Amino acid sequence: MDLLAWNTLLFALKWVLIGLIYFVLLLLLLALRREVSLQMGASRISVPVVPGRLKIINPGSDLNSRAGDILNLQPDTSFGTEVNNDIILKDKYISRYHARLQWDGANWWVEDLGSRNGTFINQIRCTPKTRQLLPIGSHLQAGDMIFELLD
Amino acid sequence: MYRASQRPSRQSEALLLVFTSLIAILGYLMVAAAAQLRQGFDPLPALPAALLPPLLLSAGAFGLHIAMRTRRVEVEQIVLPVVSLLLAFGLVTIFRLRGAEGAWQQITRGLLPGLILASAFILRPQLVEFVRRWTLPISAIGLMLPIATAIFGVVDETGARLALKLGPLPAIQTSEMIKLSLVIFLAWFIDREGEQVEGRARIVLGRLRLPAVRYFIPGILFVSMATLALVQMSDFGAVLILGFLFAAMLYAGFETRLFTTIAGIGLILALLVALVLAFSWDIPTVIQHRFAAFLDPWSIAEIQVNGRPTGITIAEGPGYQIQQSIYAIVAGGLAGAGLGFGSPDYIPLAASDFIFAAILEELGAAVGIVILVLFIILLMRILRVALLLPRGQVFERLLLIGIGMHLFTQVFVMVGGTLNIMPLTGVTVPFLSQGGAALMINLLEIGIVLAVAQRLETRPI
């Protein structure tokens with residue numbers, strides 16, 4: 001092969017290289033998309049231990065939560081900002097021991113533990129230190145965070 | 001239970017690595033052929049010798065892939081291909097500019113040690129815990145480095161004192177190590193102090209309530225490091241990156257109110273030091289000239305050193321490298337001149353600081369954009385791992401955020417300087433630039449990311 005032919009070959013290869021680079025970029029983006037959908041699929045498949053999950057509608061100022069996240073509930077679940085709660089929620093307006101959710105075998109009950117800013121069921125404030133019914137599908141609000149109870 | 005039913009596979013990573021290896025090999029062969037062609041020789045006999053370095057690079061990337069495989073995790077298959085593609089671009093360009101010898105030096109001093117460190121972290125993720133436990137000694141060594149560099153350092157051709165030379169060993173650039181140890185220290189500090197917001201001791205000065213003395217530590221640390229870097233090493237780039245890292249990590253770690261106070265204290269300290277420096281000490285002429293060159297690289301204003309005219313204009317002096325960088329980028333156009341067919345040798349420091357301009361000249365803006373996209377994907381993936389970590393792993397989360405910001409700000413500062421949209425500062429572009437120690441530290445950081453990412457897999461879904 002003479003040198004001129006080499007020159008032509010290298011200029012052609014330049015376009016091959018650029019094409020290859022863009023092909024890899026495309027593959028990368030596809031892999032990225034697949035990984036994201038896999039992760040979402042995984043969170044949908046997860047099976048709760050008891051028949052109750054809280055879906056986060058509004059994450060408030062809690063940086064660890066995102067809208068659409070699902071929190072699995074245990075039969076007796078407490079939440080607040082303190083670390084020894086079952087669910088730790090770091091919203092600005094949530095108290096250290098805010099409230100607890102209890103399952104009696106048929107229904108979920110909410111008990112406000114004397115929080116400063118209150119707990120709301122469908123925007124009605126709960127009486128502190130009293131168990132109140134939390135129907136499936138209702139909205140629970142604590143601080144700026146809003147949850148929906150799923151069965 | 002979703003995961004346990006399937007055997008972990010890393011197919012998309014393996015597939016992507018095959019293609020990045022192809023790119024490395026093709027690029028390397030093209031550069032080798034073009035080099036022979038420029039001298040009028042037949043390229044064919046030179047090609048087999050040019051196969052070894054890209055094959056080594058691919059072997060290294062597949063080594064990390066196999067290391068991840070032995071950990072039986074499926075998580076995070078994007079980071080490795082992105083990094084290996086960036087490494088391929090870097091190695092090919094260094095080979096183009098510095099010849100086989102320069103590329104070989106990059107492999108032996110940066111790539112291989114870096115790959116060994118990264119695979120150590122991937123295979124033994126508990127090393128991250130070790131780093132957490134031994135943060136103080138590690139960051140103490142890291143903070144000694146700028147002092148050692150300031151004393152024993154070698155002054156390079158740009159007038160900055162960045163490299164440490166000990167005995168017969170080759171001189172090593174210490175700036176990346178300093179940045180990583182700052183990240184480790186801040187992650188540890190915030191993990192220790194950040195959560196104890198309520199009921200901590202404060203200094204009360206009349207109506208002004210300040211946090212306890214220990215909250216001043218990061219600020220004092222940063223300011224003293226920055227001052228040292230500025231005064232002793234004339235390294236403005238390091239000051240900029242340290243400032244970015246400092247602000248980003250405090251913002252990520254502390255709640256907003258505390259962040260404002262602590263960052264405010266740091267800012268006030270920095271301003272005080274800046275004022276003292278401004279009155280007692282000439283701003284290094286390097287920095288003044290860089291800024292003037294940023295405003296107008298073609299300016300015919302004469303530059304002055306210590307108030308005396310030197311007879312050199314900005315266009316001939318500090319503006320020259322920016323002009324050459326811009327010329328190179330324009331010459332490259334959209335698709336580039338072709339590997340080996342441009343003339344990036346005109347750019348000063350083309351293989352280290354200005355490697356982005358060299359890539360743009362020979363591979364074109366099309367590939368330049370791909371590189372920027374790759375860096376953005378890398379940052380997003382690192383931050384994603386950081387945000388998905390279980391609650392309570394504050395150290396690891398902040399470590400990852402710091403690492404991501406470190407890599408990204410370096411790219412931001414250097415690409416900005418190359419395109420003359422911000423004043424030029426001498427830092428390296430991660431994974432691309434020539435410089436063994438920097439590459440080693442960058443690969444170590446990727447090792448830490450992949451070690452921490454493995455924790456996402458064991459998390460109950």
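Here are a few friendly points on the salt bridges of this predicted model.

1. A word on conventions. Residues are numbered from 1 along each chain as its sequence is written, and chains are lettered from A in the order in which they are written. Since this is a predicted model, local features need pLDDT of at least 70 and side-chain atom pairs count only at pLDDT 80 or more, while totals for chains, interfaces and linings use all residues; side-chain values use heavy atoms, leaving out hydrogens and water.

2. The total is 11 salt bridges over all chains, a salt bridge being a side-chain nitrogen of Lys or Arg within 4 Å of a carboxyl oxygen of Asp or Glu.

3. In chain A, have a look at A:R66 and A:D69, whose closest N and O atoms lie 4.0 Å apart in a salt bridge. A:R66 is partly exposed at 48% relative accessibility, and A:D69 is partly exposed at 22% (buried is under 20% relative accessible area, exposed over 50%, partly exposed in between; 1.4 Å probe, protein chains only).

4. In chain B, B:R10 and B:E13 form a salt bridge with an N to O distance of 2.9 Å. B:R10 is buried, at 1% relative accessible area, and B:E13 is buried too, at 0%.

5. B:R455 and B:E396 pair in a salt bridge, with 3.0 Å between the closest N and O atoms. This pair links distant parts of the chain, 59 residues apart: B:R455 sits in helix α14 (residues 436–458) and B:E396 in helix α13 (residues 394–418). Helices here are DSSP runs (H or I, at least four residues), numbered from the N terminus. B:E396 is buried, with 5% relative accessible area.

6. Lastly, a network of salt bridges links B:E129, B:R132, B:R133 and B:D191.

Key. Helix = DSSP H or I, 4+ residues; strand = E, 2+ residues; numbered from the N terminus.
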